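Here's a quick briefing to get you started.

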Amino acid sequence: MFPDQLFVKTYGIMKCDEYDFLNFERLSVNKKITNKVITKRELMSHIKVELTLLIRCKRKIKDELEKNHKVEDFNVIKFLCDQVFVMFHKMHELFSVEEDILSPFIKFCQEDVSYIDSDNLSCLLDAVSRIPNNQNMWVQLIKLILNLDGFDMQLSDHRDKLFNAFTKGVLALKDSLPLWKILIRHLRYKSPEVVEVLFKEATKGTKYFYDENISLAFRPRYLEWCLEFKGIDATRELFNDLKTLKPACHRLYLVMIAIEREEPNYEFDTIRKLFEEVTTLCGRDNVEERLNGLQSCWCIGT
């Protein structure tokens with residue numbers, strides 16, 4: 001007898017003959033997996049059946065709780081989640097896992113994060129790594145890790161799992177900008193010290209990674225973050241550091257002009273110097289930045 005039998009029959013989730021056939025299929029699928037004669041279509045079909053049953057059981061539990069009825073057995077959810085995970089592991093071991101299979105599976109994981117353990121996470125990471133340059137899959141995976149039950153950046157095990165996936169995603173993708181955005185946005189107030197490290201790596205690169213577009217995108221953001229968390233003096237020091245990076249980032253200057261303009265006792269000469277520097281850097285090919293800079297100066301009456 002499978003652990004879900006009592007729940008399924010008690011609450012009429014499936015007819016008796018349907019459930020008996022499902023159990024026969026479970027035994028048949030397991031035997032075929034052991035003998036390595038199962039096809040990809042058979043395995044995928046069985047995963048869908050288990051997922052459908054899981055969804056129906058979850059809905060029934062929700063309905064019963066909303067009616068303030070006592071629910072006899074929540075273990076049915078854990079059993080069915082384990083069933084789906086085991087089948088996915090086998091799918092990953094025996095066949096290539098394409099996006100059309102992996103994407104709904106990650107969505108399933110996001111809805112049942114409390115049942116995800118290290119083995120399941122490692123399997124997911126390996127499966128995503130095998131799909132070349134798939135930004136959507138990496139974004140889903142990073143979001144999943146951040147939403148795990150009890151996820152805490154202060155715990156080294158949790159932190160290592162997150163940055164292992166993040167680093168692999170950054171190195172695997174041609175455009176990893178969304179991964180940086182997700183991580184920095186999520187950790188902005190939870191782990192400012194980690195966010196600062198991320199900003200440094202995004203803007204200056206590391207031994208293994210540098211992306212010019214990401215560097216240009218995050219230099220102004222780094223400046224704004226610094227003002228919020230470290231104050232104006234640290235922000236001015238950071239600006240002087242970031243402006244030495246090549247290629248020049250015009251928006252970095254415009255953000256700094258806006259920051260200086262908001263200071264209670266701003267110095268006009270400082271703003272004018274910044275404006276002269278950015279217009280020199282812009283040249284004729286960057287009219288939009290030049291006009292934005294002009295507008296900043298007009299606001300102070302020049």
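Let's begin with a term: buried means under 20% relative accessible area, exposed means over 50%, and partly exposed is anything in between, using a 1.4 Å probe and protein chains only. What you're looking at is a predicted model, where local features need pLDDT of at least 70, side-chain atom pairs count only at pLDDT 80 or more, and totals for chains, interfaces and linings use all residues. Residues are numbered from 1 along each chain as its sequence is written, and side-chain values use heavy atoms, with hydrogens and water left out.

**Salt bridges in general**

- A salt bridge here is a side-chain nitrogen of Lys or Arg within 4 Å of a carboxyl oxygen of Asp or Glu.
- Searching the whole structure turns up 17 salt bridges.

**The pair R26 and D4**

- R26 and D4 join their side chains in a salt bridge, at 2.9 Å from N to O.
- R26 sits in helix α2 (residues 16-35) and D4 in the segment before α1 (5-10), so this pair ties together parts that are 22 residues apart in sequence.
- Helices are DSSP runs (H or I, at least four residues), numbered from the N terminus.
- Both ends are tucked away: R26 counts as buried at 1% relative accessibility, and D4 counts as buried at 0%.

- K90 and E93 form a salt bridge through their side chains (3.8 Å, N to O).
- Helix α4 (residues 75-94) holds both K90 and E93, which are 3 residues apart, about one turn of the helix.
- K90 is partly exposed, at 27% relative accessible area, while E93 counts as exposed at 56%.
- D233 has a salt bridge with R236, and their closest N and O atoms are 3.9 Å apart.
- Helix α12 (residues 232-242) holds D233 and R236, again 3 residues apart, or about one turn of the helix.
- D233 is exposed, with 56% relative accessible area, and R236 is partly exposed at 32%.
- As for networks, salt bridges with shared partners link D4, R26 and E50 into one.

**A closer look at S215**

- You'll find S215 in helix α11 (residues 212-230), and S215 is buried, with a relative accessible area of 0%.
- The S215 side chain reaches the backbone oxygen of T203 at 2.6 Å.
- There's also a polar contact between the side chains of S215 and R219, at 3.0 Å; the term means a pair of N or O atoms within 3.5 Å, and within protein one must be able to donate a hydrogen and the other to accept it, with residues adjacent in sequence counting only if both atoms are side-chain atoms.
- Leaving aside residues up to four places away in sequence, S215 touches A202, T203 and Y210, where contact means heavy atoms within 4.5 Å.

Terms used:
Helix = DSSP H or I, 4+ residues; strand = E, 2+ residues; numbered from the N terminus.
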